Structures are given as C-alpha cells and as structure tokens.
Amino acid sequence: MIKGVLFAFLAAFSWGAAIVMSKKGLENMDAGGLFFWQVGSAAMLSWFVLAISRKKLPVTKKSILAYSTGIFEPFLAYTFTLYGLKFISAGITAVIFSLESVFILILSVILFFVKINSPLHFILLLTGAMAGSIMVALPDINDRIDNITGYILIVAGVLSASFYVVISSRLIVNFEPVTLLTGQLTFSFILACFFIVLTLSLIH
C-alpha cells in the first residue's frame, strides 16, 4: 500500500515537472518537434530497461493491439497538451490535469461498469472537483478569449490520458508493465515520426 502511494506520488511529481519543462521547451521548439524528442527519449529508456530486465517484446496480434493504446498516451495526451500549453500557463494546465482521476472514475463506470458503493458521495466529490477547476480557470478565460483553445486542447489531453489509464489497467493483467510500456511508447514514437513528416509537408 505504502509503496503504491509512493509510486503514485513520484508519478504525479514527474508529470508536474514535465509540464513546467515542456512549457519552457516550447519557447525554443514547436509542439510537434518537442513531442518527437520526448517520446523518442522515453522509448529509448524503456528499451534499455527492457534489455537489462532480460525481457522480450512479444509481437502477436494481441500484443500489437495492446501496444496500439499508445495512441491515447503518450501520443494524443501529450500532443494535445503541448499544443494547449502554447495558450495557457503550466500552473493552470496542472490544475486541469488534476481532473484526470475524475475522468478515470467516470470512464471506469461507463466502460467497465465499476460499482460505486456510495453514488451520492461519488457525485458530490466529482461535482466539487469540477467546480474547483472551473473556478481556477474562469479568470484566465475572461482575461484572454484565445485561452479557450488552450483549455479545449488540455481537456482533450486529459481525456486521452484517462482513457489510456482505464484501458491499461485491464491490459496489465496479461502483460509485464515494462513490456506493455515499451510497446506503447514504441507505437507512439512511430506515430510521432509520421506526424512530423505530415506537419513538415503541410508547411512546405
């Protein structure tokens, strides 16, 4: 239990640091290029961990389908978030991403019919979380109407990340964590390569 909480804390800290660093990185690089290098370095690290763990990456129809969930995260989640960060601050982005747990609960109920022991408390907590995020966002939205684009993109990123978590929670039963992650990152990196080529062709 304690180990799980610790890992969750480290994951949250890493994600928060990544948002701040990504916001800074966008000052010198476009969102598509930044994501390419981010997912590329992540894929290389996961392959390194896979190698030292002496595990293999199975390539079957079932495994490829599992790896393809990398389209939700990191591909869509990070791409939407990076483009959204061009419009709004890293701090507010982090506040919006705090809703990821809310969306995970909602998707779990909708997709997998997860039973809620206390529906009333569940609804109240969801309403409170949503209201809190909206209260933080409203002043920023009123300050610059262009920020709405950023909010839409960030929320889309949160939904993608939430969907990834919900689906991966079921896939992890049949896959080693490092194997599933490596496959997802590799799939996402391939998509990033296509995305870079597509955006460059559109520019020129």
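1. T179 counts as buried because its relative accessibility is 5% (buried means under 20% relative accessible area, exposed over 50%, partly exposed in between; 1.4 Å probe, protein chains only). The model is predicted: local features need pLDDT of at least 70 and side-chain atom pairs count only at pLDDT 80 or more, whereas totals for chains, interfaces and linings use all residues. Residues are numbered from 1 along each chain as its sequence is written, and side-chain values use heavy atoms, with hydrogens and water left out.

2. T179 belongs to helix α9, residues 177-203 (helices are DSSP runs of H or I, at least four residues, numbered from the N terminus). Leaving aside residues up to four places away in sequence, T179 touches L50, K55, K56, L57, P58 and Y67 (contact means heavy atoms within 4.5 Å).

3. Across the whole structure, a search finds 7 aromatic pairs (rings of Phe, Tyr and Trp, the last by its six-membered ring, with centres within 6.5 Å; planes under 30 degrees apart are stacked, over 60 edge-to-face, the rest tilted). The F35 and Y78 rings have centres 6.2 Å apart and planes at 50°, so this pair is tilted. Because F35 lies in helix α2 (residues 31-52) and Y78 in helix α4 (residues 72-85), the pair ties together parts that are 43 residues apart in sequence.

4. F35 is buried at 2% relative accessibility, whereas Y78 is partly exposed at 24%. One aromatic cluster is formed by F35, F75, Y78 and F195.

5. R170 lies over the face of F112, 4.0 Å from the ring centre (the criterion is NZ of Lys or CZ of Arg within 6 Å of the ring centre and within 35 degrees of the ring normal).

Definitions and conventions: Helices (H or I, at least four residues) and strands (E, at least two) are DSSP runs, numbered from the N terminus.
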